[in-house]
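Work through the exercises below with the model open. Each task is followed by a solution in steps.

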Amino acid sequence: MVRSRPRGRMTTVVLALMALSMPFLLAGPASAQAPVVGRSFANAAGARDYYLHVPPGDPTGKPLMVYLHGCTDPQSQLADTGFSLTKVADELGFVLAYPIQTAAANERYCWNWFDPANQARGQGESSIIADLTKSLIGEFGLDRSRVYVGGYSAGGAMSTVMAAGYPDLYAAIAPMAGGPYGLNPQTFSADLSGASIVAAMGERARPVPGFFLQDLADQTSLYPIGRANLTQWLGAYRVAGEPAVPSVPTTVTATTDPVPTTVERYAAGSCVLAEFRTPIGPDHIGGGLLMQSGRGVELQHDLMNFLLAHRLGASWQACG
C-alpha cells in the first residue's frame with residue numbers, strides 16, 4: 001500500500017557539524033535540489049516512509065534503483081546532502097527510491113540486516129523493501145530486468161540480504177561498506193564459501209553481480225570485512241553455477257576522482273561479476289557522504305554505470 005505525504009522539515013545540525021570538520025568531502029559542485037516526493041508503503045510486515053525521484057519524461061520501461069541508507073537519522077542525512085544521486089538518475093534515466101528506517105525499528109535508524117527475522121524471503125524488513133520494489137515496478141511500468149538495490153554501511157549489509165532472498169528481483173547489487181551475508185556482529189564470523197547465500201536463494205539461485213566499496217581507512221566497517229564480503233560472493237557465484245569465476249582480478253586500474261581509489265574487476269567472459277573499489281582517504285562517515293553528496297557524483301556515476309550494465313539473468317545465470 002502506497003501513501004503520498006508532504007515532505008517533512010529536515011534537521012540540518014548533524015551535517016552542518018560534519019561540514020566544519022570535513023570541508024574536502026562536502027566542497028564538491030553544488031547539486032540542485034531535484035524534485036523528491038515523500039511517500040509511505042506498508043505490507044503485512046510493517047510500514048516505511050520512502051523518498052521517490054522519477055526523472056523527467058515517461059517512466060515506462062526505465063530501470064529502478066533502491067538505495068538503502070546507513071545508520072543515523074536518514075532524513076537529515078539524505079536531504080542535507082541534496083539527494084545528489086537524483087542528478088545521476090536524471091542523466092542516466094532511472095527511477096530512484098530511498099526507503100527510510102524508523103527509530104522504532106532501530107534506535108540508530110540502522111536496517112536490521114543482522115536479525116534472522118529480517119533475512120528470510122517474505123519476512124520482516126527485507127519483505128517490506130522487496131514489496132515496495134515490486135509496487136513501484138507495477139505502478140510505473142518499469143523495466144523488470146533492470147532493478148537494483150544497494151546501500152552504504154547498514155544499507156550495504158542489507159543489500160546482501162536482499163540479494164540472497166530475492167535473486168529473481170534484483171539484477172545486481174551494491175553492498176558498500178557492509179558485510180558478508182549472515183555475519184555475526186558479535187564474533188565477526190560468517191560462512192565465506194557462499195553456500196549459505198545459495199541455500200537462502202533456493203530454486204531461484206543465480207550469481208548476482210555486485211559493486212563493492214570498502215575504504216582502507218574505515219574504522220567502523222573494517223577493510224578485512226569488505227574483503228570477506230567479496231570472497232563470500234565470489235564463492236556464491238561458483239556455487240550458483242558460474243565455474244569461470246576468477247580467484248584474482250581480471251583487471252586492476254586506478255582513479256583519483258573523487259579520491260585515490262584502486263578498482264578491481266572480476267569477469268567471467270563478457271560478464272563482469274564484481275567490481276571492488278578501495279578508496280584511500282575518507283573514514284566511514286566520509287565514505288557515506290561521497291555516496292550521497294555532490295562531491296562524489298563521479299563515483300555515483302561509476303556505481304550506476306556498473307549496475308545499469310547488468311540485466312536480470314535466469315536461474316543459475318549471472319548476466320541476462
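The model used here is predicted.

**Exercise 1. Classify how helix 5 and helix 6 are oriented to each other, and list residues that meet across the pair.**

Step 1. Helix 5 covers residues 124-140 and helix 6 covers residues 154-165. Their axes come within 10 Å and cross at roughly 75°.

Step 2. The class for 65 to 115 degrees is roughly perpendicular, and helix 5 and helix 6 are therefore roughly perpendicular to each other.

Step 3. On the helix 5 side, the residues that meet helix 6 are Glu125, Ser126, Ile129 and Ala130. Their counterparts in helix 6 are Met158, Val161 and Met162.

**Exercise 2. Assign a class to the ring pair of Tyr223 and Phe276, and state which parts of the chain the pair ties together.**

Step 1. A pair of aromatic rings is described by the distance of the centres and the angle of the planes. The structure holds 6 aromatic pairs.

Step 2. For Tyr223 and Phe276, the ring centres are 6.2 Å apart and the planes stand at 75°. Planes over 60 degrees apart count as edge-to-face, so this pair of Tyr223 and Phe276 is edge-to-face.

Step 3. Tyr223 belongs to helix 8 (residues 223-239) and Phe276 to strand 11 (residues 271-279), so the pair ties together parts that are 53 residues apart in sequence.

Step 4. Buried means under 20% relative accessible area. Tyr223, at 19%, is buried, and Phe276, at 1%, is buried as well.

Step 5. Ring pairs also bring in Phe212, which forms a cluster with Tyr223 and Phe276.

**Exercise 3. Assign a class to the ring pair of Trp233 and Tyr237, and relate the pair to helix 8.**

Step 1. The ring centres of Trp233 and Tyr237 lie 6.3 Å apart, with the planes at 50°.

Step 2. Trp233 and Tyr237 are 4 residues apart in helix 8, which means a separation of about one helical turn.

Step 3. Trp233 is buried, with 0% relative accessibility, and Tyr237 is buried with a relative accessible area of 0%.

**Exercise 4. What share of the 320 residues counts as buried?**

Solution. The share is 57% of the 320 residues. The protein has 10 helices and 11 strands.

Key:
Residues are numbered from 1 along each chain as its sequence is written. This is a predicted model: local features need pLDDT of at least 70, side-chain atom pairs count only at pLDDT 80 or more; totals for chains, interfaces and linings use all residues. Side-chain values use heavy atoms; hydrogens and water are left out. Helices (H or I, at least four residues) and strands (E, at least two) are DSSP runs, numbered from the N terminus. Buried means under 20% relative accessible area, exposed over 50%, partly exposed in between (1.4 Å probe, protein chains only). Rings of Phe, Tyr and Trp (its six-membered ring) pair if their centres lie within 6.5 Å; planes under 30 degrees apart count as stacked, over 60 as edge-to-face and the rest as tilted. Axes are lines fitted to C-alpha atoms, for helices over the stretch in contact, and angles run from 0 to 180 degrees between N-to-C directions. Angles under 35 degrees count as roughly parallel, over 145 as roughly antiparallel, 65 to 115 as roughly perpendicular and the rest as oblique. Contact means heavy atoms within 4.5 Å.
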